[in-house]
Amino acid sequence: MVMSESLASTQTLHINCGDHAAQLLRDSHVEGEILVWMDPVCEGPVINDLNLQQYCKLRSAHFLGQGYIESESAGFEDLLNRYKKLKTIDQYNEVVLWFDGCMFDQTMMMLVMHRLHEIGSRPQL
């Protein structure tokens with residue numbers, strides 16, 4: 001799975017839900033980097049008091065139990081890398097959020113926005 005792919009030497013980060021939507025963005029030749037976000041917080045345990053490693057371990061165990069991933073360790077690494085990428089957000093001039101209007105996507109978008117706020121990032125959204 002390609003989580004993030006550099007498409008041009010711009011300073012725009014596109015965050016979207018799902019590999020299919022990411023492929024559509026790639027096919028449309030948008031400038032910037034694409035980060036596929038996959039942490040559907042509308043299901044499974046979400047505990048705010050955990051550190052990032054503990055949170056990703058809890059979530060990846062849930063994803064494995066639901067059959068969303070084949071390996072808990074790979075799922076853990078993928079999720080951890082997504083959250084780490086958010087911490088580098090200040091290197092971008094602009095962040096474009098591509099999320100559907102459904103509850104699944106909207107809860108993930110709210111999570112991304114909350115995490116950006118926690119980081120103290122102020123990119124143009």
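Some ground rules. Residues are numbered from 1 along each chain as its sequence is written, and side-chain values use heavy atoms, with hydrogens and water left out. Because the model is predicted, local features need pLDDT of at least 70 and side-chain atom pairs count only at pLDDT 80 or more, while totals for chains, interfaces and linings use all residues.

I will start with the pockets. Rolling a probe the size of a water molecule over the atoms shows where empty space is left. A pocket here is an open set of points on a 1 Å grid over the protein atoms alone, where a 1.4 Å probe fits, with protein on both sides within 12 Å along at least five of seven lines; lining residues have an atom within 4 Å of a point. Grid points are joined across faces, edges and corners, and a volume is the space filled by probe spheres set on the points.

The largest pocket has a volume of about 260 Å³. Its lining has 16 residues, and those closest to the centre are Met38, Pro40, Phe63, Tyr68 and Ile69. Helices and strands are DSSP runs (H or I, at least four residues, for helices; E, at least two, for strands), numbered from the N terminus. On that basis, α3 (72-86) and α4 (103-119) each supply at least two residues of the lining of the largest pocket. The largest share, four residues, comes from α3. By class, this lining has eleven nonpolar, two polar and three charged residues. For those classes, Ala, Val, Leu, Ile, Met, Phe, Trp, Tyr, Cys and Pro count as nonpolar, Asp, Glu, Lys and Arg as charged, and the others, Gly among them, as polar.

The second largest pocket has a volume of about 190 Å³. Among the residues lining this pocket are Asn48, Tyr55, Tyr83, Lys87, Arg115 and Glu118. Here α2 (52-66), α3 and α4 each supply at least two residues, and α4 gives the most, with three. The lining divides into six nonpolar, two polar and three charged residues.

Next, charge pairs. Side chains of opposite charge can pair when their charged atoms come close. With a salt bridge taken as a side-chain nitrogen of Lys or Arg within 4 Å of a carboxyl oxygen of Asp or Glu, a search of the whole structure finds four. For exposure, buried means under 20% relative accessible area, exposed over 50%, and partly exposed in between, with a 1.4 Å probe and protein chains only. Lys85 is buried, at 16%, and Glu33 is buried as well, at 15%.

Asp39 pairs with Arg59, with the closest N and O atoms 2.8 Å apart. Since Asp39 sits in the loop between β3 and α2 and Arg59 in helix α2, the bridge ties together parts 20 residues apart in sequence. Both Asp39 and Arg59 are buried.

Arg115 and Glu118, which also line the second largest pocket, form a salt bridge with their closest N and O atoms 3.6 Å apart. Both lie in helix α4, three residues apart, about one turn of the helix. An α-helix has 3.6 residues a turn, so residues three or four places apart point the same way. Arg115 is buried, at 19% relative accessibility, whereas Glu118 is partly exposed, at 44%.

On to the cysteines. The structure holds zero disulfides, a disulfide being a pair of cysteine sulfur atoms within 2.5 Å. For Cys42, the nearest cysteine sulfur is that of Cys102, 7.9 Å away. Cys42 is partly exposed, at 31% relative accessibility, and Cys56 is buried, at 0%.

In helix α1 (residues 19-27), the buried residues are Ala22, Leu25 and Arg26. They cover an arc of only 100° around the axis, which puts them on the same side of α1; the arc is that of the directions from the helix axis to the C-beta atoms. After α1 comes His29, with a positive phi near 60°. His14 lies in strand β2 (residues 12-17) and is buried, at 5% relative accessibility. The C-alpha atoms of His14 and Val96 are separated by 4.7 Å, although the two residues are 82 apart along the chain.
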